[in-house]
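Me: I would like to learn how to read pockets in a protein model. Please take me through the structure shown here.

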Amino acid sequence: MNFSILKRLLLPLALGLLSLNACPADSMTEQFDNPPAEARPRVFWYWMQASVTREGIRADLEAMAEAGIAGAYLMPIKGPAEPPWMEPVNQLSPEWWGMVRYAFEQADRLGLKLTLHACDGFAMAGGPWVTPELSMQEVVWSRTEVRGGEELALVLPQPPTREDYYEDLGVYAIPGLTGAGISTRTVRPVVTTSLPGEKAEFLVEEQTEERLAMREAGWIQYSFDQPFTARSVRVFPQGTNFWAKRLRLEASDDGKQFYLVRQLESPRHGWQDGEAPLTYSIPETRARYFRFVYDPEGTEPGSEDLDSAKWRPSLKLCGITLLAEPSIHQYEGKSGRVWRISPETPARDLPDYLCVDPDRVIDLSDRMDSGGHLQWKAPEGRWTIVRMGHTSTGHTNYIGGAGKGLEIDKFNPAAAELQFDRWFGEAMRQVGPELSERVLHGFHVDSWECSSQNWSPLFRAAFLEQHGYDPLEWLPAMAGIPLLSRERSEAFLHDVR
């Protein structure tokens, strides 16, 4: 124990208790009834759905002052209702800025302080001035399977893109990736379920609007004509459905006697998890029949963390894919793409011989033009070509109204400065320096509701400075491809996080 630190922590508390003991009872009562300004409470002050008037502003602030409230956190929320509650006063309009100025004038008259939120709405920091280049970014990729031994002329698909913005990071040729390109998307099983008459073939489709739901215990079965070798499984839940993330995977050679392959476990996650898939590593399993078993038996209502359906368990699924290719366990969260906390990949699932030697990966970035055209004399063998880049996450300050726009890149100081100037700075200019000096008490951020980002134009340089190696050399691991070893791949993703 460092007693000097303990003394510094406890001394102010001891002095405070002494001062209270020395304070007469009548003085304490007076201070409680009439606390100084710095001890008075402040309140959230929502301007809802572009519905604000001078009369309302004055009445609100006068009521605050009368109640002994020291000030308010001004937060406009959403655009006009349908139908509007009144003649709308849209955020950022001259009329709206006039209302803000009037609020400052009334707060000044009443001796109140105001604090402004970071943007329109309460999540998180964005606006119409944010271009896709300055918005939150994420790593994206596309894959092409080829055979070598000849000159290749390919057009590599551009990875998924949002806000019409995309920048390449690199093109990687990965040799002999075990099971590459083989999955239930390419080797179609017969799909059946325990639900009578339920059509579930859509579960192996790439994109579908169909959903499967179960309330009672049941199963989904994939049956193959020939044994299928599975090394990972990718689950597409509907929304944040918890039970889709904890199915029991079983296998059988005859469709009658099944054995346990893996009890899938949900990562720790929150409501911002969204509909991002989960990829599970599993022990290499070769079988003709695979079952995904849903069984809520034994679950105590309310005991399962972070699931809105925990009081009435149900399974809601968009799809399940079995893959012959190995994968880093639950890499979607480990790469920072979404908010999840997962255990490391089990050693049994990912032995070193299934991992790719980074020294054998060929960087083809200089062989591809801006249109995705690749010219390459590929050596013999099978190759997985991965085109990787970054795009906007597309997240907005969606609780805002007319001030809604893309969320700023949280790694980029230029984006933060732009947001601060166009919102907080503009408020100071509209109100004027003297009134701002007297009334504007602070800058407020309410809640983080913009999910996650795992890239930025500044990310590579910052990573190099902090960790001493180039993240681009290990970038395929952010797509779940294991490099060198289970331990080294996990270490890289830890460094990313």
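This is a predicted model: local features need pLDDT of at least 70, side-chain atom pairs count only at pLDDT 80 or more; totals for chains, interfaces and linings use all residues.

Reply: Residues are numbered from 1 along each chain as its sequence is written, and side-chain values use heavy atoms, with hydrogens and water left out.

Me: How much space lies in the largest pocket?

Reply: On a 1 Å grid over the protein atoms alone, a pocket is an open set of points where a 1.4 Å probe fits, with protein on both sides within 12 Å along at least five of seven lines. Points are joined across faces, edges and corners, and the volume is the space filled by probe spheres set on them. Here the largest pocket holds about 1,600 Å³.

Me: Which residues are closest to its centre?

Reply: Lining residues have an atom within 4 Å of a point. There are 43 for the largest pocket, with Arg185, Glu206, Arg234, Phe236 and Pro277 closest to the centre.

Me: Which element gives the largest share of that lining?

Reply: Strands are DSSP runs of E, at least two residues, and helices are runs of H or I, at least four, numbered from the N terminus. Strand E5 (137-147) is among the elements that supply at least two residues, and its seven are the largest share.

Me: What about the second largest pocket?

Reply: That pocket has about 500 Å³ of space and 27 lining residues, with Phe411 and Arg497 among those nearest its centre. Helix H8 gives the most, five residues.
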